[in-house]
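Subject: A structure to look at

Hello,

Here is the structure I promised to pass on. Please have a look at it first, and then read on for my notes.

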Amino acid sequence: MRIALLLLLLVSTGTTFPTDDPCVAYPPQEECRGDTVVNMSISYDDVKSCNFPDIRWNYPCGTVNATFTYPGHKINVCIIDNDGLSGVKTITGILPGGETVSLPLPTAGNPSCIHERATHGPIRILFYAGRVSAYLARIGYHICTDMEDC
């Protein structure tokens with residue numbers, strides 16, 4: 001009975017279970033009204049040894065503003081469909097100068113990338129879900145550096 005009550009409290013407060021796996025990132029959980037924006041940062045240094053890094057967004061709602069960085073290097077970012085983009089409606093890239101790029105939702109075998117726009121600054125990508133319509137969005141990505149072909 002106590003375990004069930006503890007689990008109910010954890011779920012009702014939106015608590016996520018932290019992980020020591022650098023290949024899995026969880027956006028902060030906040031109460032969502034559809035216009036909520038949560039920020040997160042992902043550094044290439046933290047995920048360079050990962051084969052399949054991803055963002056796991058519990059109860060996708062509002063917008064996740066993910067900033068991808070690798071100081072001193074040009075980077076590209078590709079979003080990969082791993083059968084888990086449930087709830088994500090649009091993806092928008094924002095380059096260091098403020099230019100926005102609408103990215104198509106990726107499909108199996110066709111990632112959605114910011115290719116020829118490799119930049120030395122951070123790349124922000126906005127994942128918009130609107131209101132909660134899914135339990136989990138699992139957003140796969142790949143950060144390509146100026147030393148590798150994307």
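What share of the contacts in the protein chain with a separation of 6 or more comes from residues 24 or more positions apart? The share is 80%. Please keep in mind that this is a predicted model.

Overall picture

The protein chain has 150 residues, and 42% of them count as buried. Reading from the N terminus, the order is α-β-β-α-β-β-β-β-β-β-β-β.

The sheet

An open sheet is built from 5 strands, in the order E2-E4-E9-E6-E7, and its pairing is mixed. Which strands stand at the edges? They are E2 (37-43) and E7 (100-103); each has a single partner strand, so one side of each is left without a neighbour in the sheet. From one strand to the next, the twist averages 20 degrees.

E2 and E4 run parallel and are joined by 7 bridges. If you want a place to start looking at that pairing, take Val 37, whose bridge partner in E4 is Thr 63.

Aromatic pairs

The count of aromatic pairs comes to 2. One of them is Tyr 44 with Tyr 70, a tilted pair at 4.4 Å centre to centre and 45 degrees between the planes. Tyr 44 belongs to helix H2 (residues 44-47), while Tyr 70 sits in the loop between strand E4 (62-69) and strand E5 (75-80), so the pair ties together parts that are 26 residues apart in sequence. Are these two tyrosines buried or exposed? Tyr 44 is buried, with a relative accessible area of 13%, and Tyr 70 is buried too, at 12%.

Phe 68 and Tyr 141 also form a pair: their ring centres are 5.2 Å apart and their planes stand at 65 degrees, so this pair is edge-to-face. The cut-off behind that label is an angle over 60 degrees. Phe 68 is in strand E4 and Tyr 141 in strand E10 (residues 136-145), so parts that are 73 residues apart in sequence are tied together by the pair. Phe 68 has a relative accessible area of 0% and is buried; Tyr 141 is buried as well, with 2%.

Around Thr 145

Thr 145 is found in strand E10 and counts as buried, at 4% relative accessibility. Which residues does Thr 145 contact, leaving aside its neighbours within four places in sequence? They are Tyr 44, Tyr 70 and Lys 74. That brings us back to the tilted pair, as Tyr 44 and Tyr 70 are its two members. Thr 145 and Tyr 44 are 101 residues apart in sequence, yet their C-alpha atoms are 8.6 Å apart in space.

Disulfides

How many disulfides are there? The count comes to 2.

Cys 23 and Cys 50 form a disulfide with their sulfur atoms 2.0 Å apart. The pair links distant parts of the chain, 27 residues apart: Cys 23 is in the loop between helix H1 (2-12) and strand E1 (24-25), and Cys 50 is in the loop between H2 and strand E3 (54-58). The torsion about the S-S bond is about -90 degrees, so this disulfide is left-handed. Cys 23 counts as buried, at 18% relative accessibility. The cut-off for buried is under 20%, so the value for Cys 23 falls within it. Cys 50 is buried as well, with a relative accessible area of 11%.

Cys 78 and Cys 113 form a disulfide too, again with the sulfur atoms 2.0 Å apart. Here the link is right-handed, with 115 degrees about the S-S bond. Cys 78 lies in strand E5 and Cys 113 in strand E8 (residues 112-113), so to speak distant parts of the chain, 35 residues apart. Both Cys 78 and Cys 113 are buried.

Notes. Residues are numbered from 1 along each chain as its sequence is written. This is a predicted model: local features need pLDDT of at least 70, side-chain atom pairs count only at pLDDT 80 or more; totals for chains, interfaces and linings use all residues. Side-chain values use heavy atoms; hydrogens and water are left out. Helices (H or I, at least four residues) and strands (E, at least two) are DSSP runs, numbered from the N terminus. Buried means under 20% relative accessible area, exposed over 50%, partly exposed in between (1.4 Å probe, protein chains only). Contact means heavy atoms within 4.5 Å. Rings of Phe, Tyr and Trp (its six-membered ring) pair if their centres lie within 6.5 Å; planes under 30 degrees apart count as stacked, over 60 as edge-to-face and the rest as tilted. Two strands pair if DSSP finds at least two bridges between them. Axes are lines fitted to C-alpha atoms, for helices over the stretch in contact, and angles run from 0 to 180 degrees between N-to-C directions. A disulfide is a pair of cysteine sulfur atoms within 2.5 Å.
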